[in-house]
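Colleague: Hi! Could you walk me through this one before I set anything up? I'd like a quick tour.

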Amino acid sequence: AESLLAGIWADVLGLDQVGIDDNFFDLGGHSLLAARVIARVRAGLGVEVSVRSLFESPTVAALAAATAENAAAAAQARRPELRRMRRPASLANQNVWNMEESR
């Protein structure tokens, strides 16, 4: 993730390379460029990240960590829903649904 982020930053900022501890804003980044970076991060990593994340985590290393946290939180949030969706309805639930349909 860090190498992908560094590549995105270098491309958006027009630099040859970016280090993992370089500050986006010290390198000439601003809010419009931050929006471009975030759009490319979302497309490249497939993770939902906000522009605010870049302001709060302005280095490649910090944004990579924040992105990993967001991905883990999103995956954890989806797990209970997926488990519920896979579980068949109980016999009692099926009976209630059948009674409701027959009304």
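Modeller: Happy to. One term to settle before the tour: a crossing is called right-handed if the near helix is turned clockwise from the far one by less than a right angle, and left-handed if anticlockwise. Please keep in mind that this is a predicted model.

Colleague: Noted. Which handedness does the crossing of helix 1 and helix 2 have, then?

Modeller: Helix 1 passes helix 2 in a right-handed crossing. The two pack at an angle of about 145 degrees, and their axes are 10 Å apart.

Colleague: And which residues make that contact?

Modeller: From helix 1 you have Leu-4, Leu-5, Ile-8, Trp-9, Asp-11, Val-12 and Leu-13. Helix 2 answers with Leu-33, Arg-36, Val-37, Arg-40, Val-41, Gly-44 and Leu-45.

Colleague: Let me zoom out. How many helices and strands does the protein have?

Modeller: Five helices and zero strands, so the pattern along the sequence reads α-α-α-α-α.

Colleague: How much of the protein is buried?

Modeller: Of its 103 residues, 26% count as buried. The exposed surface comes to about 7,000 Å², with 52% of it supplied by carbon and sulfur atoms.

Colleague: What about the contacts between residues at least 6 apart in sequence?

Modeller: Among those, 48% join residues at least 24 apart.

Colleague: Back to helix 1. What span does helix 1 reach?

Modeller: Helix 1 covers residues 2–13, twelve in total, and reaches 16 Å from its first C-alpha to its last, close to the 16 Å expected. After the helix comes Gly-14, with a positive phi near 70 degrees.

Colleague: Which residues of helix 1 are buried?

Modeller: Leu-5, Ala-6, Ile-8, Trp-9, Ala-10, Val-12 and Leu-13.

Colleague: Take Val-37. What is Val-37 in contact with, leaving aside neighbours within four places in sequence?

Modeller: Its partners are Ile-8, Trp-9, Val-12, Phe-24 and Leu-54.

Colleague: New topic: where does Gly-29 lie?

Modeller: In the loop between helix 1 and helix 2. Not counting residues up to four places away in sequence, Gly-29 touches Leu-13 and Phe-24. Leu-13 is 16 residues away in sequence, yet the C-alpha to C-alpha distance is 6.7 Å.

Colleague: Why does Gly-29 count as buried?

Modeller: Because its relative accessible area is 11%, and the cut-off for buried is under 20%.

Colleague: Last stop, helix 4. Is Thr-67 buried or exposed?

Modeller: Thr-67, in helix 4, counts as buried because its relative accessibility is 3%. Beyond its neighbours within four places in sequence, Thr-67 is in contact with Leu-45, Val-47 and Val-49.

Colleague: And what does Ala-64 touch, with neighbours within four places left aside?

Modeller: Ala-64, also found in helix 4, is in contact with Ala-1, Glu-2 and Leu-5. At 10% relative accessibility, Ala-64 counts as buried too. Ala-6 is 58 residues from Ala-64 in sequence and 9.7 Å from it in space, C-alpha to C-alpha.

Colleague: Great, thanks for the tour!

How values were computed
Residues numbered from 1 in each chain as written. Predicted model: local features only at pLDDT ≥ 70, side-chain atom pairs only at ≥ 80, totals over all residues. Heavy atoms only, no water. Helix = DSSP H or I, 4+ residues; strand = E, 2+ residues; numbered from the N terminus. Expected span 1.5 Å × (residues − 1). Buried < 20%, exposed > 50% of the residue type's maximum accessible area, 1.4 Å probe, protein only. Contact = heavy atoms within 4.5 Å. Areas by Shrake-Rupley, 256 points an atom, 1.4 Å probe, with all protein chains shown as cover. Axes fitted to C-alpha atoms, helices over the stretch in contact; angles between N-to-C directions.
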